[in-house]
Structure formats: C-alpha cells, structure tokens
Protein chains: 2
Amino acid sequence: MTEVIPHWLSKQADLAPGQTAIEYKDSNSITFSELEQKSRQFARKLAALDIRKGSRVGVLSGNSEAFVVTLHALSYLGAVAVLLNTRLTEAELTHQLKDAHVTLLLASGEAVDRGMSFPVKVYAMEEVEGYGEKEVDLAEEIHLDDPFTIIYTSGTTGFPKGVIHTYGNHWWSAVSSALNLGIDQTDKWLMAMPVFHVSGLSILMKSVIYGMPVFMLEKFDVKEVHQAIMEKDVTIVSVVTVMVQRLLQQLGDRKYPDTFRCMLLGGGPAPKPLLREAQQRNIPVFQSYGLTETSSQIVTLSPKDTLRKVGSAGKPLMPAQLRIVEKDNEGIGEIYVKGPMVTKGYYNNQEANEKAFVNGWLSTGDLGRLDEEGFLYVADRRKDLIISGGENIYPSEIESVLSGMEQIREVGVAGVEDPTWGQVPAAYVVKAHEVSKEEIVTYARNLLAGYKIPKYIHFISELPRNASNKIVRSALEDHKE
Amino acid sequence: MTEVIPHWLSKQADLAPGQTAIEYKDSNSITFSELEQKSRQFARKLAALDIRKGSRVGVLSGNSEAFVVTLHALSYLGAVAVLLNTRLTEAELTHQLKDAHVTLLLASGEAVDRGMSFPVKVYAMEEVEGYGEKEVDLAEEIHLDDPFTIIYTSGTTGFPKGVIHTYGNHWWSAVSSALNLGIDQTDKWLMAMPVFHVSGLSILMKSVIYGMPVFMLEKFDVKEVHQAIMEKDVTIVSVVTVMVQRLLQQLGDRKYPDTFRCMLLGGGPAPKPLLREAQQRNIPVFQSYGLTETSSQIVTLSPKDTLRKVGSAGKPLMPAQLRIVEKDNEGIGEIYVKGPMVTKGYYNNQEANEKAFVNGWLSTGDLGRLDEEGFLYVADRRKDLIISGGENIYPSEIESVLSGMEQIREVGVAGVEDPTWGQVPAAYVVKAHEVSKEEIVTYARNLLAGYKIPKYIHFISELPRNASNKIVRSALEDHKE
C-alpha cells in the first residue's frame with residue numbers, strides 16, 4: 001500500500017514557518033516558510049517550460065540556494081531530478097542525460113559558462129528566475145512510491161547506472177538516521193558534501209523531514225567547517241576520512257563545543273590510527289557504511305562501541321537488514337542489504353536490476369564480514385574500488401576509456417595509497433604501439449573527470465589474470481617492471 | 001508497495017541488548033534481550049495451542065509483563081491480538097470476541113478468577129507459561145501492511161467497532177511522535193494507561209521502535225506517578241485531564257526535575273484554567289488530539305504555543321493531514337484526518353467502513369475548527385460523547401441497553417459535569433410501566449461496565465427531539481421535571 005503524506009516542505013512551512021531551513025557562511029539564512037514560497041514560485045516558472053509530472057530534469061550545479069529551491073520546485077511538479085556531478089566531462093554528462101531520458105537541463109550560471117554542449121536544451125537557473133509563472137496545480141501530497149531523484153553511480157562494471165530514489169527511500173533514510181542518532185530541537189547539520197551526491201542530498205532531506213536547519217557550504221573547506229563547528233552551533237557534520245584528518249589538524253589542542261555531538265563518517269574505510277586518535281580526543285566519530293543505492297548510511301557504529309570495535313562500520317539501522325553471502329573461510333563474503341531506504345532499482349537498466357536484486361535483497365558488490373556480535377567490517381568498499389578524497393573511482397571505467405586508445409592493447413587500473421587523497425588511480429598499460437605517458441594523460445583528460453586521470457602510468461608486458469581470465473587488480477602493482 | 005522491516009523486537013535485542021525495555025515500580029526491569037527471549041519462548045508455547053498466522057486471539061489483562069510478552073509473542077506468530085478492556089461485562093466481552101472471530105482468549109489469572117463464561121476457550125497466561133513449546137518458524141520480518149492489533153471503540157452509533165491497527169499504523173504513529181517530540185537517548189516514558197487502550201499500547205510500540213525504556217505501572221496512581229517523575233528519571237508521561245489535576249495537587253510547591261520534558265495530554269478537551277496553571281508552573285503540558293483510529297495522538301500542541309493557543313490541540317503531525325468538513329458560520333465542522341497512522345478500517349464491518357472513509361480520509365465524527373494559523377480547536381470530542389475519567393462513554397450504547405428493559409418506553413443519556421470524573425452519564429427515562437431507579441441500576445449493572453452506569457436517573461414525560469426526530473441530547477438536562 002502506497003503511503004501518502006502531505007508535501008513535506010509545505011508541511012514544515014506550516015509547522016515551523018519561522019524555523020531556519022538553510023544557513024550560509026555569510027550569516028544569511030532562509031526559513032522554511034520562505035523556502036516554500038520560493039520553491040513554489042520557481043515551480044510555476046518551470047511549469048512554463050513544460051516541466052510536468054514524470055519529466056526527467058537534469059540539474060548541474062554546485063551547492064547553492066538555487067539548487068535547493070530547484071529540487072523542491074521539481075517535487076511540487078512531480079518531476080524527477082537527475083542530479084549531475086559537476087566534475088564530470090561533457091562526454092560523461094551527455095551519457096547520463098541520454099541514459100536518463102532527460103528532456104531539459106537546469107544548470108548554474110557557472111556550469112553554463114563552461115561552454116559544454118549537451119543533447120538537451122540548457123537553462124541557467126538564474127535566468128529562469130526572471131521568467132513568467134504558469135498557473136498549475138502544485139503537489140499537495142507526496143506518494144512515497146513515486147520517484148524523486150536519480151543519481152548515477154558506477155557499479156563494479158564501470159558503466160554508470162542511474163539509481164532511482166523514491167520519496168519513500170529518502171523518508172525512510174531520514175527516519176532511520178533519526179532512530180539511530182536521535183533528534184534534538186537544537187540540531188543543526190553541517191553540509192560540506194555536494195547536493196548531487198547522496199551524502200549531501202540526504203542532509204537536505206533530513207532538514208525538510210525533521211524541520212532542522214542545515215548549515216550549507218559550497219564545498220569542503222577545512223577552515224570554514226572548523227569555524228562552523230566552533231562558532232555556529234553545528235551539532236552534526238557528515239564527513240569522509242580525509243576531512244576528519246584535516247579537521248583534527250585544524251583543531252589542534254582545542255576542543256569542540258559540548259553541543260557538537262556527531263561526526264558522521266562515510267565514504268570508505270577509515271584508518272584505525274585516525275579512529276583511535278579521534279576516540280582519545282573525545283571527537284564523537286560515528287563510522288558508517290552506505291551506498292548511493294541505500295540513500296545514505298545504512299550501517300552505523302556508535303561512539304560507545306568505537307573502542308571495542310575499531311574499524312567496524314557498526315550494525316544495520318533499525319529498519320534495515322544485512323547479510324553476508326558466499327562466505328569464505330574467514331567469514332568474508334558479499335554484503336547484501338534490504339530495507340525501505342534501499343533503491344527499488346536502476347533507471348532504464350533491466351540487466352543491472354536483474355543482477356543486483358535477489359528476492360528483495362540488494363547485492364552491493366562490497367565484501368565484508370560480521371563479527372560474533374553482528375558488527376560489520378567492510379573488507380573492500382567494493383572489490384577494487386578506488387576512493388580518492390571521498391570520490392568513488394571505478395577502475396573498470398578508466399580501463400574502458402583508455403582501452404579506446406589505439407596504441408593501448410590492454411590496461412588494468414588499481415588504487416595506490418596517497419598521503420593526501422587516501423588513494424589515487426594508477427594505470428598499468430600493455431602497449432600495442434609506441435605511446436608516451438603524456439599522450440595517455442592528454443587522451444584521458446578529454447573523457448574523464450580530473451580526479452579519475454591516473455596519477456601513475458606504468459608500462460608492463462602482460463596483465464596478471466586469474467583462472468577465469470579476469471584481471472587481478474590487486475596484483476597489478478607487483479607486476480610493475 | 002508493502003514495506004518490510006526486520007522484526008522490531010529482535011532488532012532491538014540486537015542493537016541494544018542490555019538496554020532496559022520495561023521498568024517496574026519495585027525497581028525490577030527487563031532488557032530488550034530478555035524480553036525477546038521470553039517473547040519467542042512464549043510464542044512457541046502459544047504455537048502448541050494452534051495459534052498461527054492470522055489467528056485472532058483475545059487478550060484480557062491489566063498491565064503486566066505477561067501482557068507485553070504475550071503481545072510480542074503473538075507478533076512472532078503473525079497472529080492478531082484483540083485487546084479487551086478489563087472493565088467490560090461478560091456480555092460486552094462476548095460481543096467483541098464473537099465480532100472479531102476470536103478463537104482463543106488469553107487472560108490474566110485475575111481476569112480468569114472473575115468466573116465469566118466466554119464463547120471461546122480461555123487460557124490463563126500464567127498457566128500457558130508452564131506448557132511445552134512447539135518448534136515453529138517465528139517471524140523474522142514485519143510486513144507493515146499486516147494487521148497486528150484490534151481494539152474496540154464505540155462510534156457515535158454506540159455499537160463497538162473493531163479498529164484494526166497494522167504494524168505500519170503503529171510504526172508511523174511512533175515515528176510521527178518522534179518527529180514532533182524528538183528522541184533523546186535518556187528518554188524514559190511512563191505508562192499509567194492500560195495496554196488495552198491505544199494510549200498505553202502506543203507507548204509499548206514506541207519502546208520497541210525507539211529502543212526506549214518504559215516505566216510501566218499497573219494503573220494510574222497519583223502517588224506512584226508523582227514518585228516516578230520525581231525519582232525515576234522519567235522524561236515523558238501520557239495523561240488525561242483528571243490525572244493532570246491530581247498530579248498538580250500532589251506536586252504542591254515542588255518542581256519536577258529539569259529532565260522531565262513532556263506531559264502528553266490526551267483523552268478529551270482540558271479546561272483552560274488547568275492549562276493556564278500548568279503553564280504558570282512550568283509544567284511541560286503538550287495538548288493533543290487522537291482517536292483509537294489514529295493509533296495515538298495525531299495532532300499536538302507544543303508548550304511554546306500553549307499560552308497563545310490555550311485550548312487548542314495544536315497542528316497535525318508531520319505525516320498527517322486534517323481538514324474541517326461542512327463548516328458552520330463559526331467555521332466549526334466535522335474533523336477529517338488522513339495519514340499512514342490512520343487505521344485502514346474496522347474489522348468485519350463493511351457498513352462502518354463505508355460510512356467512515358471518504359477518498360482515503362477518515363471522518364472522525366468529532367467537531368472542531370481551525371484558527372487562521374491552522375491550529376485545531378476541538379469543539380466536541382464527539383457529538384454527545386461523555387468522557388468520564390478518561391474513558392469514553394457513548395450515550396447511545398447506554399440508551400440501547402436501558403431500552404431493553406420492558407418498563408422503559410424510551411430513554412436519552414447525556415453527560416453531566418462531575419467534579420471528580422469530569423463528566424458522568426445521566427439517564428432521562430420515559431416510563432412504559434412503573435419502575436424504580438434502583439431497578440434500572442440493577443438491570444444496567446448486569447450489562448454495562450461500572451463506569452457506564454448512569455449516576456443520575458430522571459423520569460420525564462417525553463424526550464426532546466429535533467426536526468429529523470432525533471433525540472437532542474444537549475436539551476435533556478433542561479427537560480428534567
């Protein structure tokens with residue numbers, strides 16, 4: 001049975017009209033009432049562009065109020081927002097726009113100025129602001145089974161897949177987190193993650209569902225985040241490992257205010273020495289595990305267990321289930337998850353859906369084990385996945401691109417440790433014809449986002465392969481010549 | 001789409017095994033892990049009595065650990081618990097048991113000792129404890145659309161109707177309350193309401209969904225409740241008006257601890273002088289409005305609005321909607337509600353369902369109005385409903401019983417003010433043959449619970465009726481001769 005609730009932004013505007021919805025570093029802010037008004041107005045402008053129920057609309061923007069208003073405006077029209085990573089190339093964006101059957105792209109002025117050309121009509125969000133409004137019926141209710149957002153994520157195959165999030169997925173994710181972390185009237189969540197990532201988007205969803213202010217930054221800046229925690233009454237912040245490291249450095253000998261209660265750590269496994277240091281310094285780090293497909297964290301470790309369970313991601317949240325499938329001798333196997341916050345499927349990708357879902361369970365492709373008390377230890381965030389500064393990099397996607405170069409016979413990509421980024425991609429190339437490292441990088445730059453460009457290129461004579469003839473990426477580094 | 005979650009008690013036993021689930025006044029308590037173990041064991045004993053998925057099982061008991069264990073045990077079997085009011089007569093209970101197609105009744109030893117005879121086999125819960133276990137598969141998951149409990153409530157027609165609560169109704173009720181009141185790690189909810197009322201049951205549901213301790217009393221005792229708030233770290237208590245009055249008297253010049261954060265007031269409109277007194281004394285009274293059909297409160301007023309909105313029940317909770325239908329000149333009309341915590345229907349009562357539901361909205365039968373800011377003022381909890389010490393008394397039910405006496409031609413019942421109970425029922429009788437007040441009371445005593453026996457009986461020559469020939473109950477008192 002599809003549950004129906006009032007439109008959440010209209011509801012918060014009624015329940016808590018004067019409550020701050022979003023706060024900015026310049027001390028400006030917007031209340032739920034103002035956000036509702038702006039979003040409804042913008043919805044009527046978008047309606048004039050023929051956006052309607054079921055339309056798929058691309059959104060390409062860094063964090064900004066306009067982005068938040070656009071998201072809510074699309075929900076008032078029943079349209080689906082396809083959230084695009086601003087770091088992607090024209091080719092990557094074009095693929096996603098086509099794959100998601102996007103009919104119109106809304107971009108920030110900055111994104112428009114990059115001068116890319118797209119297969120759909122592009123409107124600058126700032127420009128639409130000046131347009132006329134069309135009188136249409138705006139959604140008064142939300143049907144939780146309806147799709148709201150699509151975010152592309154590369155699976156282990158390297159081909160990006162559009163993860164559909166229903167309103168219900170976002171709702172249950174927010175509620176699950178509340179049941180785990182509690183909800184306090186004084187909560188203020190700092191968002192330094194991009195809205196086009198589920199990590200950032202899920203904070204906006206919590207804001208409107210809880211009626212909670214979000215302190216929104218354009219991007220992670222260690223000084224700004226530090227200052228917000230110290231001076232702006234922030235109680236919770238979402239981070240990835242590299243951010244924890246920098247924040248601890250920035251903190252030095254000082255202490256965070258007592259009201260700061262949660263540093264929610266996602267985006268990949270964290271080094272144990274860092275976790276121990278945070279523990280010793282009374283930093284309330286909550287480790288977690290989640291995927292785009294789970295709408296945000298689905299497993300979380302409370303600080304009370306951090307010391308006993310260093311390196312664990314914790315236990316699945318209240319409405320979630322987790323099991324390990326096809327365990328090896330050490331109990332490590334593939335992580336399967338189930339719950340109302342888990343996506344019902346990938347957009348327009350029957351094959352991926354058939355592969356990923358087994359009797360209502362999602363096979364994550366990640367490896368992990370449970371200890372005797374049921375705490376999860378993730379062995380590999382995904383087999384071979386490279387996590388660089390919080391961004392997921394899929395070796396097979398880079399391999400697929402580089403393989404397109406005629407001078408390259410075959411190529412394997414693996415992550416190598418990096419003091420700044422945690423990991424960076426390295427490419428191991430078997431040449432077909434003469435080619436230089438510079439030529440390879442130049443080629444890649446046209447097709448891949450900067451963070452995906454291999455930082456190291458090694459020429460080797462053959463790739464290490466297993467019995468099934470699959471590349472053994474973990475053996476690549478030892479194969480260097 | 002039916003959402004599926006892990007069995008909530010098993011889940012809490014995994015997430016918070018050592019956390020207190022229920023605490024008693026003798027300082028005993030039971031953890032979630034122990035409660036799970038007992039409930040699963042009891043489920044296997046009940047399985048030996050042939051209770052299985054879909055069985056409807058009556059439960060007749062005052063508040064006790066055995067009651068809580070029985071409830072969870074039934075959920076492990078997928079059986080539906082029909083919760084019976086211990087104050088009802090044999091005739092009333094028999095009606096409910098038959099109407100709900102109950103196949104077996106589980107009763108406390110105390111209830112068994114009352115020596116009533118029922119149309120189904122009765123087992124004392126204590127006795128079942130000694131039975132053998134049957135190996136059966138216990139539910140590992142909860143399907144939110146499945147029915148869990150049935151509680152009878154008299155509609156305006158006076159015929160009790162079985163309100164079906166799905167697991168989802170209870171889940172959404174608990175989550176809605178959390179989004180309104182917040183969730184704090186230190187929360188402990190005092191329950192002095194009977195579990196067979198939705199007011200008590202909903203506290204148990206919150207306990208298992210939040211992982212929160214409940215301080216459970218057998219019944220409301222002003223000294224025990226007072227002591228628990230003062231000394232037992234209780235943070236929230238559910239009350240009805242008469243309890244607030246008594247608690248304030250008991251409190252005298254003292255103050256509640258600062259950690260005590262919510263006195264959730266339901267069960268009917270509260271007198272304004274009382275609310276003002278609570279406000280002045282910094283008692284955090286949250287007025288609310290709810291029905292058995294809404295699984296607990298669906299409208300709540302926060303203390304911050306109490307002063308501005310004295311007498312209002314507040315605004316509908318986050319996932320709930322409310323509107324006033326067929327307003328009169330003063331804006332008063334019938335209250336309709338909608339939301340995932342609202343029952344999907346009455347058991348085995350097509351007629352009542354057709355009457356009560358209009359396009360997914362429940363017509364409550366209650367009258368009320370919204371002020372210009374959307375705050376609800378309930379005009380009559382139900383038209384003509386008598387609320388006596390927190391118990392709903394429906395005039396038409398008493399009328400229907402008394403009409404069965406051959407000496408009575410017709411009878412009208414209405415509430416009259418009473419300093420102790422708020423209201424008590426008074427009967428206005430038109431005689432057919434000679435009869436004494438004592439004879440009427442004796443007759444009623446065999447068929448009605450004690451609190452429903454009219455406290456006053458007046459003999460009159462005819463009943464006041466309106467143009468449609470319906471009794472005008474509000475005019476009865478003026479018709480006294």
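Predicted model: local features only at pLDDT ≥ 70, side-chain atom pairs only at ≥ 80, totals over all residues.

Modeller: Start with A:Lys53 and A:Asp146, which form a salt bridge with their closest N and O atoms 3.3 Å apart. The pair links distant parts of the chain, 93 residues apart. A:Lys53 lies in the loop between α2 (32–47) and β4 (56–60) of chain A. A:Asp146 lies in the loop between β8 (141–143) and β9 (147–154) of chain A.

Colleague: Why is the pair of A:Lys53 and A:Asp146 called a salt bridge?

Modeller: The rule asks for a side-chain nitrogen of Lys or Arg within 4 Å of a carboxyl oxygen of Asp or Glu. A:Lys53 and A:Asp146 have their closest N and O atoms 3.3 Å apart, so the pair meets the cut-off of 4 Å. By this rule the count comes to 42 salt bridges over all chains.

**Between the chains**

Colleague: What makes A:Lys344 and B:Glu3 a salt bridge?

Modeller: The rule is again a nitrogen and a carboxyl oxygen within 4 Å. For A:Lys344 and B:Glu3 the closest N and O atoms are 3.8 Å apart. The pair therefore qualifies under the 4 Å limit. Between chain B and chain A the count is six salt bridges. Polar contacts there come to 13 residue pairs, both residues at pLDDT 80 or more.

Colleague: Which elements give two or more residues to the side of chain B that touches chain A?

Modeller: They are β1 (4–6), α1 (8–15), α7 (167–181), α8 (198–210) and β17 (315–316) of chain B. That side divides into 22 nonpolar, five polar and ten charged residues. The area buried between the two chains is about 3200 Å², with 58% from carbon and sulfur atoms.

Colleague: How do you know that the copies meet through the same surface?

Modeller: The contact takes 37 residues from chain B and 37 residues from chain A. Of the interface residues of chain B, 100% are also interface residues in chain A, so the surface is the same.

Colleague: And why speak of a two-fold axis?

Modeller: Chain B can be laid on chain A with an RMSD of 0.1 Å, by a turn of 180 degrees and a shift of 0.0 Å along the axis. That is the relation of a two-fold axis.

Colleague: What makes β3 and β17 of chain A edge strands?

Modeller: The open sheet has nine strands in the order β3-β2-β12-β11-β13-β14-β15-β16-β17 (chain A), with mixed pairing. β3 (29–31) and β17 (315–316) of chain A each have a single partner strand, so one side of each is left without a neighbour in the sheet.

Colleague: Why do β2 and β12 of chain A count as a pair?

Modeller: Pairing needs at least two bridges. β2 (residues 20–23) and β12 (residues 214–216) of chain A have two, in the parallel sense, so they pass. A:Ile22 stands opposite A:Val214 in β12(A).

Definitions and conventions: Residues numbered from 1 in each chain as written. Chains lettered and ligands numbered in written order. Heavy atoms only, no water. Contact = heavy atoms within 4.5 Å. Buried area = accessible area lost by both parts, 1.4 Å probe. Polar contact = N/O pair within 3.5 Å; in protein donor to acceptor, adjacent residues only side chain to side chain. Helix = DSSP H or I, 4+ residues; strand = E, 2+ residues; numbered from the N terminus. Nonpolar A, V, L, I, M, F, W, Y, C, P; charged D, E, K, R; others polar. Least-squares fit on C-alpha atoms with pLDDT ≥ 70 in both.
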